[in-house]
Amino acid sequence: MMEATQTKATSVSPYAAGLNWTSELHTGDERMDHTHEEFVTMLNALLLTPQTEQLNLYREFLNHTVEHFAQEDRWMLATGFSEDNCHAGQHATILETMRAVETHYVQGDHEIISRLAEALAEWFPQHAASMDAGLAQHLKSVNFDSVTETLADPSVIKNVTMSGCGSVSCS
């Protein structure tokens, strides 16, 4: 009599290898794109690092992401977005999750950073193509310089009314 054996199917995420920095990820704002390229590079480095050695690199990635999102949040506020707009809300949710992941990793879940990195590799292209590209278009439309973080003509910003994802068309 033959014994039936079961094999555990392991599925490898299509995002386990990370992201390629391609023109599809470009938003049209050079400073934003530079920050995004750094984000992708650090994300990919995390995925290449053995899980038991990821914590220090993850902390650097978290700090980079905090500044990355704060930068975009500053730009939104400077150009007429309300503080509670959905783009900034998505940033806050991602950061909350990233902080929780660090806690779980320290408590012994050494797979969690890789799982989050794969999820971010899946999430980021859509975020960049929609919310960030929309924000870049908005910044250009109000003549905002993302390098100096200044408006050529502050009077173009009437009041804080936009609560959408990144551009006037989303409000």
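Student: To begin, is Asp109 buried, partly exposed or exposed?

Tutor: Asp109 counts as partly exposed, at 26% relative accessibility. Buried means under 20% relative accessible area, exposed over 50%, and partly exposed in between, with a 1.4 Å probe and protein chains only. Please note that this is a predicted model, in which local features need pLDDT of at least 70 and side-chain atom pairs count only at pLDDT 80 or more, while totals for chains, interfaces and linings use all residues. Residues are numbered from 1 along each chain as its sequence is written, and side-chain values use heavy atoms, with hydrogens and water left out.

Student: Which residue meets Asp109 in a salt bridge?

Tutor: Arg115 does, at 2.9 Å from N to O. A salt bridge here is a side-chain nitrogen of Lys or Arg within 4 Å of a carboxyl oxygen of Asp or Glu. Arg115 also forms a salt bridge with Glu111, at 3.6 Å. Arg115 is partly exposed at 40%, and Glu111 is partly exposed at 46%.

Student: How many salt bridges are there by this rule?

Tutor: The count is six. Arg31, Glu67, Arg74 and Glu149 are linked in a network of them. Within it, the closest N and O atoms of Glu149 and Arg74 are 2.8 Å apart. Glu149 lies in the loop between strand E1 (144-145) and strand E2 (150-151) and Arg74 in helix H2, so this pair ties together parts 75 residues apart in sequence. Helices (H or I, at least four residues) and strands (E, at least two) are DSSP runs, numbered from the N terminus.

Student: Turning to H3, which of its residues are buried?

Tutor: His87, Ala88, His91, Ile94, Leu95, Met98, Val101, Glu102 and Tyr105 are buried. They cover an arc of only 135° around the axis, so they lie on the same side of H3. The arc is that of the directions from the helix axis to the C-beta atoms.

Student: And what covers them?

Tutor: The cover includes H2 and helix H4 (112-141). In H2 (residues 55-78) sits Thr65, which is buried at a relative accessible area of 0%. Leaving aside neighbours within four places in sequence, Thr65 is in contact (heavy atoms within 4.5 Å) with Phe39, Leu95 and Met98.

Student: What caps the N-terminal end of H3?

Tutor: Asn85 does, with a side-chain oxygen 3.0 Å from the backbone nitrogen of His87. After H3 comes Gly108, whose phi is positive, near 115°.

Conventions: Polar contact = N/O pair within 3.5 Å; in protein donor to acceptor, adjacent residues only side chain to side chain.
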